[in-house]
Amino acid sequence: SPPAEKFEYQAEVSRLMDLIVHSLYSNKEVFLRELISNASDALDKLRFLSVTDPGLMKESSELDIRVQTDKDNGIITITDSGIGMTREEIVDCLGTIAQSGTAKFLKALKDSKDSGSDNNLIGQFGVGFYSAFLVADRVVVSTKSPKSEKQYVWEGEANASSYTIREETDPEKLIPRGTRLTLYLKRDDKGFAHPERVQKLVKNYSQFVSFPIYTWQEKGYTKEVEVDEDPAEVKKEGDDNQIEKKKKTKTVVERYWDWELTNETKPLWLRNPKEVTTEEYNDFYKQTFNEYLEPLASSHFTTEGEVEFRSVLYVPAISPTGKDDITNPKTKNIRLYVKRVFISDDFDGELFPRYLSFVKGVVDSNDLPLNVSREILQESRIVRIMRKRLVRKAFDMILGIAMSENPEDYEKFWDNFGKNIKLGCIEDRENQKRLAPLLRFFSSQADEVMISLDEYVENMMPEQKDIYYIASDSLTSAQNAPFLEKLKEKEYEVLFLVDPIDEVAIQNLKSYKEKNFVDISKEDLDMGDKDEEKEKQIKQEFGVTCDWMKKRLGDKVASVQISNRLSSSPCVLVSGKFGWSANMERLMKAQSL
Ligand code: ADP
Ligand code: MG
């Protein structure tokens, strides 16, 4: 047979393998979860592609995962009958680090170093294929894609900078389709090859995989066997007839090995919500999305009527891309199934608008065709209805966090996803009424805990008509703004909009509960307390002063006017009624750079 060909890893990969092994040292067992999740992905891919190309299944119709252990030699074999890999795919997939799980891991590692936070969290993190090297010093991947005539073998060793690929020639090792991973365990990790240990790990970590996972188990059954009594004993009795009677029965255990189904394959979302515990929802979330933190909220529902689908949605506890990157809608956060067949997790706004792209979950529809394509998704009326319902459920879920007994939960949510809600106020007119109650601001009367618009409205003075705000670049400068004086005197609360996007969001909303938002830095601020007579008098008295000042300042100001809005400061610079606020101007300047 042709010799194995040698390949160098992409530079980061060998570094990554080293990192994984060192930072996950105490949490090695995640390797099994990772490898089973890859097997499950491979089966999902095959099942999906075979909808349009039934020929892919012709070698075998089995879709399952089998984990076999050889405890004497410290070997674990994981076999799936999934899509397998062609030779090119092996190089692409196992020699590079472009994959989702691993990139995320590196980020978490960096974050935890930056913040000095608990390293144990990383232990629960998804690290993908390379996690095999946590426990194995040699890994052999033998794989057969239905697209390829040949079966190929990838072989790599821990701490090596290269791997080899050759053709599988041993007829005993040929598989009809799919992938077989063989892990040769490190000396200290051979314990993982105990069949009971593997079974326990599968139960713990992979209970929600929707394909059957079998583990190779030793079984036994008891049977009664007849045994002759000691001949000497029999002779003593001296009675031939009694020999028959003296035959004894004995219970023996007959041992054999067989595959045992080790997981529950009914998808969680098909179960009755009343019978699913919070812990199960959380475990499902962590397993499905490779998450390591519990979600902030979840929602499990079925919709009937026009369009039927089931869904479990989650709000994550942190934003994986960082607070400031909300523009990436391609997050693989929603897994779409049609009649339990996984279709895709690659969406671009079809099921959730981009500002809600942080919501994770599964959606299973009976009304979409199995061979649904991107075009169908974009055009489909059914998808539009689904989207509408999903978005509403997401709002309910977020509102649920806001109403929960744990105020920190919503603070966490706001800290991570507040920007998304504000973006929603700008982009999604149809849902503004649902978004506005989710907003939070600091104010002249709340500088430690943020308030909602509802709280603002409740706190309004009896004669107060509008909702006042001031936009500024920091909390301190908002607190010290001279515009506040008069309002403070009247005990009117003023919202502090300190995030650049705040002002745009508020301007898009225009009003809340029929109360207009009013910028206190604009020139015509009217607090309904005009004394016309007095104003006329003052204007006459100071008109000349104003004219003189305008002349002195020239083009630097549009006009100089008498105002009744200050109480202790002598003068203030304000924005024109139709002009940009000072804050907006700052923003625009920043953008045009
Ligand atoms: P991820 O699963 O996040 O993509 P992994 O490192 O776990 O990253 O896997 C890398 C890639 O290797 C997968 O995306 C897949 O293309 C391929 N792969 C891994 N295991 C299998 C398998 N059992 N069958 C087919 N392809 C696989
Ligand atoms: Mg993976």
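Two strands are treated as paired if DSSP finds at least two bridges between them, and strands (E, at least two residues) and helices (H or I, at least four residues) are DSSP runs numbered from the N terminus. The model is predicted, so that local features need pLDDT of at least 70 and side-chain atom pairs count only at pLDDT 80 or more, while totals for chains, interfaces and linings use all residues. Residues are numbered from 1 along each chain as its sequence is written, and chains are lettered from A and ligands numbered from 1 in the order in which they are written.

**View 1. An open sheet of five strands with mixed pairing.** The order of the strands is β10-β11-β14-β12-β13. Strands β10 (297-303) and β13 (341-344) stand at the edges and have a single partner strand each, so one side of each is left without a neighbour in the sheet. On average, neighbouring strands of this sheet are turned by 20° against each other, direction ignored, where the axes are lines fitted to C-alpha atoms (for helices over the stretch in contact) and angles run from 0 to 180 degrees between N-to-C directions.

**View 2. The antiparallel strands β12 and β13, with K339 in the loop between them.** Strand β12 (residues 334-338) is joined to β13 by three bridges, and V338 stands opposite V341 in β13. K339 has a phi near 50°, a positive value in a residue other than glycine.

**View 3. Residue A42 in helix α2 (residues 30-52).** A42 is buried, with 24 other C-beta atoms within 10 Å. Leaving aside neighbours within four places in sequence, A42 is in contact (C-beta atoms, placed from the backbone, within 7 Å) with D80, G82, I83, G178 and T179. The C-alpha atoms of A42 and M85, which are 43 residues apart along the chain, are separated by 9.2 Å.

**View 4. Helix α11 (residues 381-403) and what covers its buried residues.** The 23 residues of α11 should span 33 Å at 1.5 Å a residue, and the end C-alpha atoms are 33 Å apart, which agrees; the expected span is 1.5 Å times one less than the number of residues. Buried in α11 are V383, M386, L390, V391, A394, M397 and I398, and their cover includes β10, β11 (309-315), β14 (360-365), α10 (374-379) and α12 (407-427).

How values were computed
Buried ≥ 20, exposed ≤ 12 C-beta atoms within 10 Å, placed from the backbone. Contact = placed C-beta atoms within 7 Å.
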